[in-house]
Amino acid sequence: FKDTGQKKGTKRIGLMGGTFDPIHHGHLVTAEEARCQFGMEKVIFIPAAMPPHKTRKGISHPQHRLEMTQSAVRTNSYFTVSDIEIKREGLSYTIDTVQEMREIYAGWELFFITGADAVLEILTWKNVIGLLEQCYFVAATRPGFKLESIGDKLDNLPENCLARIKTMEVPALAISSTEIRRRVREGRPIKYLLPEAVEEYIYQKRLYQG
Ligand code: ATP
Ligand code: MG
């Protein structure tokens, strides 16, 4: 496993936050790759109640996003879903979630898994220094985002914080929830971009029809 310099035998857990509107194979491939590269015991998917960074109107109801996420992870015994952000309501801040998880998983190493685009926004997050003291970040490259640019953009972070950000390459998957929603609206196929159970849920509940 990739080394973090911590003592051997410390259990690791991955946290995958997102809007998941809807969850897709980009999310799932990224989480699985992080789990294997860093030797995590499991990955917890945490749908956000009201993501602070998203201003898009009409984000699907949390219950829909929760159910889609649950059905998407069902075929991977290392994946689970947590509703802590949805239950907390209001704005979802990663720092609050990480603190809650640290209490539950005391003594474990926490890894917050994100796409490279999300990590570039990290400087705008609430209490980023405190956040990086409490968990590692795994930044996955996705098409259109250069790994090297992460270093430049985060240059003004202290050295010990930068060391907490790990990067990882995932097979290129140009899949985004935005594109899936657009495709549904336009009546184009979404098959193979996301798990079949999620596709069925979208049509059954008539999500993203515009
Ligand atoms: P939207 O298009 O609505 O922004 P999204 O596809 O980016 O949706 P989010 O729920 O915003 O999905 O993303 C949750 C996390 O997953 C973020 O850290 C994001 O960077 C990451 N992510 C999303 N799509 C991919 C992908 N194809 N490959 C790797 N990481 C991804
Ligand atoms: Mg996004």
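Modeller: In this predicted model, a residue is near a molecule if its C-beta atom, placed from the backbone, lies within 6 Å of it. By that cut-off there are 19 residues around ligand 1, and those that come nearest are Gly18, Gly26, Gly115, Ser177 and Thr178.

Biologist: Which elements supply at least two residues of the shell around ligand 1, and from which one does the largest share come?

Modeller: Helix 1 (25–38), strand 4 (109–115), helix 5 (116–120) and helix 9 (177–185) each supply at least two residues of that shell, and the largest share, 3 residues, comes from helix 1. By class, the shell has 6 nonpolar, 10 polar and 3 charged residues, with Gly counted among the polar ones.

Biologist: Why does Pro22 count as buried?

Modeller: The cut-off for a buried residue is 20 or more other C-beta atoms within 10 Å of its own, and Pro22, with 26 such neighbours, therefore counts as buried. Pro22 lies in the loop between strand 1 (12–18) and helix 1, and, leaving aside neighbours within four places in sequence, it is in contact with Met68, Ser177, Ile180, Leu194, Val198 and Ile202.

Biologist: What puts Thr94, Thr97 and Met101, the buried residues of helix 4 (94–104), on the same side of that helix?

Modeller: In helix 4, Thr94, Thr97 and Met101 are buried, and these residues cover an arc of only 65 degrees around the axis, which puts them on the same side of helix 4. What covers the buried residues of helix 4 includes strand 1, strand 2 (42–47), helix 3 (84–88), strand 4 and helix 6 (128–134).

Biologist: In what order do the 6 strands form the sheet, and is the pairing parallel or antiparallel?

Modeller: The 6 strands form an open sheet in the order 3-2-1-4-5-6, with parallel pairing. Strand 3 (79–81) and strand 6 (165–169) stand at the edges because each has a single partner strand, so one side of each is left without a neighbour in the sheet. From one strand to the next, the twist averages 30 degrees.

Technical notes: Residues are numbered from 1 along each chain as its sequence is written. Chains are lettered from A and ligands numbered from 1 in the order in which they are written. This is a predicted model: local features need pLDDT of at least 70, side-chain atom pairs count only at pLDDT 80 or more; totals for chains, interfaces and linings use all residues. A residue is buried if 20 or more other C-beta atoms lie within 10 Å of its own, exposed if 12 or fewer, and partly exposed in between; C-beta atoms are placed from the backbone. Helices (H or I, at least four residues) and strands (E, at least two) are DSSP runs, numbered from the N terminus. The arc is that of the directions from the helix axis to the C-beta atoms. Two residues are in contact if their C-beta atoms, placed from the backbone, lie within 7 Å. Two strands pair if DSSP finds at least two bridges between them. Axes are lines fitted to C-alpha atoms, for helices over the stretch in contact, and angles run from 0 to 180 degrees between N-to-C directions.
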